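Work through the exercises below with the sequence and the structure at hand. Each task is followed by a solution in steps.

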Amino acid sequence: MADAPLLGAASFLFLLAHPLLLAFAAADVSLPAAVQTLFPPHGGLAVWLGWSALLVMMIFLAPGFSFFGEPEYQHWKWLHRSAGIAVLLALAHTFMLARSLPAPSSWVVWGGLSVLAVLSVAYRFVFSRHLGRLPYRVSGISHPANNVVELSLDAEGRALDYRPGQFVYLTPLDRNLAAGYGEEHPYTLSSSPRESTLRIAIKDLGDASRAIQQIAPQTRVKIEGPYGDFFPDNPGCELWIAGGIGITPFLARARHFAATSLSVDVKLVFCVQDEPRALFREELEALSRTVTGFALVMHYFYQEGPLTAEFLTTHCPDLAQRDAYICGPSPLIALSESLLLHSGCSRKHIHTEDFVLL
């Protein structure tokens, strides 16, 4: 998840570089030739399709730049849907002007890519939104903290097949909610796949997540997914660092350890401000006593200050030999990565999941 903004920015820069490089090449002839390459005097549908693709891409990438402020989720989601339009325009532009391959090879290659792009957009906005959503019903509601709710969901038909730590899009169908009715929002599953129900822990972080704290029992919801690939299938020698609601993928995996009676080698460092904010602490402590090789270490910011390399190496002396998984607020992720690298952990062994839009 953390690499998504970099991929978007890189794709934009490559697309922007394309017309600029063409203009620089034409500048060897003359400056007017360079200008005409960018802006043909007599139209040129293919060229304007390319400029349109660039403009649309700028629009949907705009919320990713900090000077626009924190994006509102629904506005960001609607803007992001224009990514499909940008891809289609860019492919049409390339198809009409392709000179890298002789005909008919260029028609086959770029025509095939265009068909794949159309099918991808159709899948996202037709199949996955309608045929790909599974009906569930809220069968249980618990409140592990004042601003957190954990929903238990029973399948009304086919149950979701998923792995611990994955996330889904949940669409509540309670018209009495103050916000969020019919809107899809991403949430990490907190249950083990061995459980008969889905469990999703949701923190009050916005209008929809605040409203869902008051969702009524037996409310129907739609589930789409699963998505994500945070953990490997088989546990290894691992260090987990969680902050706040970022505990959910680790909670799901720990619950799965217990459900499957696995012996593991996992140390969890759970960073919170103080004890009242330690979500699921009692359950995690119980899991550390029942799951062989699973150890829980609590870090309280108000008592101990920010997380330090000394704290990590004291509680996990062999961290440089472990795969590290970090999930939580962006500042904690950045700090943890820095501490791990400073303590000898290889960057390729550090895996992060950031609970932000972009």
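Two residues are in contact when they have heavy atoms within 4.5 Å. The model used throughout is predicted.

**Exercise 1. Overall make-up**

Solution. 

**Exercise 2. Helix 3 and helix 5**

Task: Determine how the axes of helix 3 and helix 5 are arranged, and which residues make the contact.

Solution. 
- Step 1. Helix 3 spans residues 45–61 and helix 5 spans residues 82–97.
- Step 2. Their axes come within 8 Å and cross at roughly 155 degrees.
- Step 3. Angles over 145 degrees count as roughly antiparallel, so helix 3 is roughly antiparallel to helix 5.
- Step 4. The crossing of these two helices is left-handed.
- Step 5. Helix 3 contributes L45, A46, V47, L49, G50, S52, A53, V56, M57 and F60 to the contact. From helix 5 come S82, A83, I85, A86, L89, A90, A92, H93, M96 and L97.
- Step 6. Sorted by class, the residues of this contact are 16 nonpolar and four polar, with no charged residue.

**Exercise 3. Helix 8 and helix 9**

Task: Repeat the analysis for helix 8 and helix 9, starting from the angle and distance of their axes.

Solution. 
- Step 1. The axes of helix 8 (residues 248–260) and helix 9 (residues 281–290) come within 10 Å, with a crossing angle of roughly 40 degrees.
- Step 2. The crossing of helix 8 and helix 9 is left-handed.
- Step 3. On helix 8 the contact residues are L251, A254, R255 and A258, and on helix 9 they are E283, L284 and L287.
- Step 4. This contact has five nonpolar and two charged residues, and no polar ones.

**Exercise 4. T352**

Task: Locate T352 in the secondary structure, and decide whether T352 counts as buried, partly exposed or exposed.

Solution. 
- Step 1. T352 lies in strand 11, which covers residues 350–354.
- Step 2. Buried means under 20% relative accessible area and exposed means over 50%. The relative accessibility of T352 is 22%, so T352 is partly exposed.
- Step 3. In sequence, T352 and I241 are 111 residues apart, while their C-alpha atoms are 9.5 Å apart in space.

Terms used: Residues numbered from 1 in each chain as written. Predicted model: local features only at pLDDT ≥ 70, side-chain atom pairs only at ≥ 80, totals over all residues. Heavy atoms only, no water. Axes fitted to C-alpha atoms, helices over the stretch in contact; angles between N-to-C directions. Helix = DSSP H or I, 4+ residues; strand = E, 2+ residues; numbered from the N terminus. Parallel < 35°, antiparallel > 145°, perpendicular 65-115°, else oblique. Left-handed = near helix turned anticlockwise from the far one by under 90°. Nonpolar A, V, L, I, M, F, W, Y, C, P; charged D, E, K, R; others polar. Buried < 20%, exposed > 50% of the residue type's maximum accessible area, 1.4 Å probe, protein only.
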